[in-house]
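Dear colleague,

Please find below the structure that I am handing over to you.

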Amino acid sequence: MAEETKSEKSKDIEKIDAPEIKIKKAAVAKPDSDKPDKQPDKPAKKDKPSLMERFKKFLKDYKSELKKIVWPTRTQTIQNTGVVVIAILFMTIVVGLLDLLFGWGITGLSHVKSLISGG
């Protein structure tokens, strides 16, 4: 493989015919001096669909959204329920113990000590 010199590379580049790019100018609308000035036509208001049509569309959309839901299996539901029940029991115990301690106050702490020691 022979090395190409810079002049050979530039000759190769000149040989490539690049397509000419022509830019078309957009036609600019010029106001006609013959026509009197008038307000542009307002688009006609679209009639609002009736209540029944909107309700039918709502039900159709609702049904299509329900089809997209991935429902959990029975096993997943049972496992999730178990986790929630255990979390509730744990938090009930924690809040109950805190309620007892704060209900007794500072002097109650010595009462807990005497209950634990058995005397």
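**Findings**

Tyr62 lies in helix α2 (residues 51-67), where helices are DSSP runs of H or I with at least four residues, strands are E runs of at least two, and both are numbered from the N terminus. The model is predicted: local features need pLDDT of at least 70 and side-chain atom pairs count only at pLDDT 80 or more, whereas totals for chains, interfaces and linings use all residues. Residues are numbered from 1 along each chain as its sequence is written, and side-chain values use heavy atoms, leaving out hydrogens and water.

Tyr62 counts as partly exposed because its relative accessibility is 47% (buried is under 20%, exposed over 50%, partly exposed in between, with a 1.4 Å probe and protein chains only). Ring pairs join Tyr62 with Phe55 and Phe58 in a cluster; rings of Phe, Tyr and Trp (its six-membered ring) pair if their centres lie within 6.5 Å. The count of aromatic pairs comes to two.

As for the protein chain, it holds three helices and zero strands, in the order α-α-α from the N terminus. Of its 119 residues, 1% count as buried.

Regarding confidence, pLDDT (the predictor's confidence in each residue, from 0 to 100) averages 76 over the protein chain, and 56% of the residues score at least 70. Among the elements, α2 has the highest mean pLDDT (94) and helix α1 (residues 6-15) the lowest (58). Where pLDDT is low, the predicted coordinates should not be read in detail.

Yours sincerely

Note on methods:
Phe/Tyr/Trp six-rings, centres within 6.5 Å; stacked < 30°, edge-to-face > 60°.
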